[in-house]
Amino acid sequence: MEQPQIKNRYVNINLLGLALIAIAMVIGAYVIAGAYKYKFKKQETIRVTGSAGKDFVSDLIAWNGSYSRKAFDLKEAYSLIKTDEQNVKSYLVSKGVKPGEMIFSSVKIDKQFDTKYNEEGRMTGSEFTGYNLTQNVKVESKDIAKVEGLAREITGLIETGIELNSPEPLYFYTKLADLKLDLLDKAAEDARKRADIIAQKTGGKIVSVSKANMGIFQITGQNSNEDYSYGGAFNTSSKNKTASITVNLECTVK
C-alpha cells in the first residue's frame with residue numbers, strides 16, 4: 001500500500017527538480033543578457049577630430065641662381081663661366097653674403113646641335129653649334145632681410161654681362177619639428193575635449209581612448225588663398241606662414 005505514496009514522492013521530487021532547472025535557466029538567460037548588454041555598452045564609441053594651428057615667421061631663406069656661357073670652343077666656354085663664377089662670388093660678398101652661406105655647383109656641359117631639313121621637311125642631319133655650360137649658385141642664410149635685398153638687386157649683376165636666371169627666394173623654418181610636436185599636443189587636447197562634451201551631452205562618459213592617429217599637417221602662407229590638400233601642403237614661397245594639424249580620436253563610452 002506504500003507504493004503510491006513513494007510514486008507521488010518521486011513525482012514531487014521530479015517536479016521540484018524541473019522547477020529548479022527552469023529557474024536556473026531563467027537566471028542564466030538574465031545573466032547572459034546582462035553580460036551581453038554590458039559588453040555591447042562597453043563597445044560603444046565616438047569618433048572626433050581635434051585641430052590646432054599657429055602663425056609663425058620663417059627663419060631661413062634660400063636663394064638660387066643659374067648662369068650660362070656658350071662658345072664653339074669648350075676651353076673658351078669654360079674660361080668664361082669660371083670668370084662669371086668669380087664675379088658672382090665677389091658680388092655676393094659685397095652684399096654681405098658670407099662664404100659659408102654660398103654654394104656653387106659643378107659646371108654642366110651640354111653639346112648643342114641644329115637639326116637640318118630639306119625642302120620636303122625631312123631631316124637631313126645636324127650641325128654642331130657649340131658648347132653650352134651652366135652653373136648654379138645657392139645662398140642659404142638666417143639673415144632673411146639681407147638675402148631678400150640681394151634677390152631684388154640682382155639686376156646689378158646681370159648688367160655686368162652675366163646671364164643670370166633667378167626665381168623668387170624660398171622660405172623655411174628650422175624649428176619645424178618642435179612646432180609640430182606642440183601643435184600635435186594641442187590638437188589631441190582639443191579632440192579629447194570635444195569627445196568629453198559629446199559624451200556628457202548624450203548622457204555618457206569617456207572611459208578610455210581606443211584609437212588615436214595624427215591627421216593632416218599643413219603649412220600655408222598667411223593671408224593667402226592656398227587650398228588645403230589631402231596629402232598636406234608645404235608652403236615655401238611665403239615668409240609668414242600658418243601651421244595646422246589634426247588628430248583623430250576614437251573613444252569608448254559607457
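The chain holds 5 helices and 9 strands; helices (H or I, at least four residues) and strands (E, at least two) are DSSP runs, numbered from the N terminus. This is a predicted model, in which local features need pLDDT of at least 70 and side-chain atom pairs count only at pLDDT 80 or more, while totals for chains, interfaces and linings use all residues. Residues are numbered from 1 along each chain as its sequence is written, and side-chain values use heavy atoms, with hydrogens and water left out.

**The whole chain**

Begin with the entire chain displayed as a cartoon. From the N terminus on, its elements run α-β-β-α-β-β-β-α-α-β-β-α-β-β. Of the 254 residues, 30% count as buried (buried means under 20% relative accessible area, exposed over 50%, partly exposed in between, with a 1.4 Å probe and protein chains only). Among contacts between residues at least 6 apart in sequence, 76% join residues at least 24 apart; contact means heavy atoms within 4.5 Å.

**The sheet of three strands**

Select strands E1, E9 and E8 next. They form an open sheet of 3 strands in the order E1-E9-E8, with antiparallel pairing; two strands pair if DSSP finds at least two bridges between them. Strand E1 (45–57) and strand E8 (206–221) stand at the edges with a single partner strand each, so one side of each is left without a neighbour in the sheet. The twist averages 15° from one strand to the next.

Now colour strand E9 (residues 240–253), which pairs with E8 in the antiparallel sense over 12 bridges. Along this pairing, Ser208 stands opposite Thr252 in E9, and the bridge partner of Met214 in E9 is Val247. Towards E1, 13 bridges join E1 to E9 in an antiparallel run, and Phe56 stands opposite Lys241 in E9. How many of the 14 residues of E9 are buried? The count is 11, so E9 is largely enclosed by the rest of the structure.

In a regular strand the side chains alternate between the two faces of the sheet.

**The cavity**

Which residues line the largest cavity? Select Phe56, Tyr171, Phe172, Tyr173, Leu176, Ile219, Phe234, Asn235 and Lys241. A cavity is a set of points on a 1 Å grid over the protein atoms alone where a 1.4 Å probe fits but cannot get out, and lining residues have an atom within 4 Å of a point. The count comes to 1 cavity of 30 Å³ or more, and the largest cavity has a volume of about 40 Å³, a volume being the space filled by probe spheres set on the points, which are joined across faces, edges and corners. By class, the lining has 7 nonpolar, 1 polar and 1 charged residues (Ala, Val, Leu, Ile, Met, Phe, Trp, Tyr, Cys and Pro count as nonpolar, Asp, Glu, Lys and Arg as charged, and the others, Gly among them, as polar).

Move to Asn132, found in strand E5 (residues 123–141). At 16% relative accessibility, Asn132 counts as buried. Residues that Asn132 touches include Ser68, Lys108 and Asp110.

Finish at helix H3 (residues 144–152), where 7 of the 9 residues are buried. Among them are Ile144, Val147 and Leu150. The cover over the buried residues of H3 includes strand E2 (60–71), helix H2 (74–94), E5 and strand E7 (170–172).

Definitions and conventions. 1 Å grid on protein atoms, 1.4 Å probe; cavity = no way out; pocket = protein on both sides within 12 Å on 5 of 7 lines; lining within 4 Å. Axes fitted to C-alpha atoms, helices over the stretch in contact; angles between N-to-C directions. Lists of a residue's contacts leave out its neighbours within four places in sequence.
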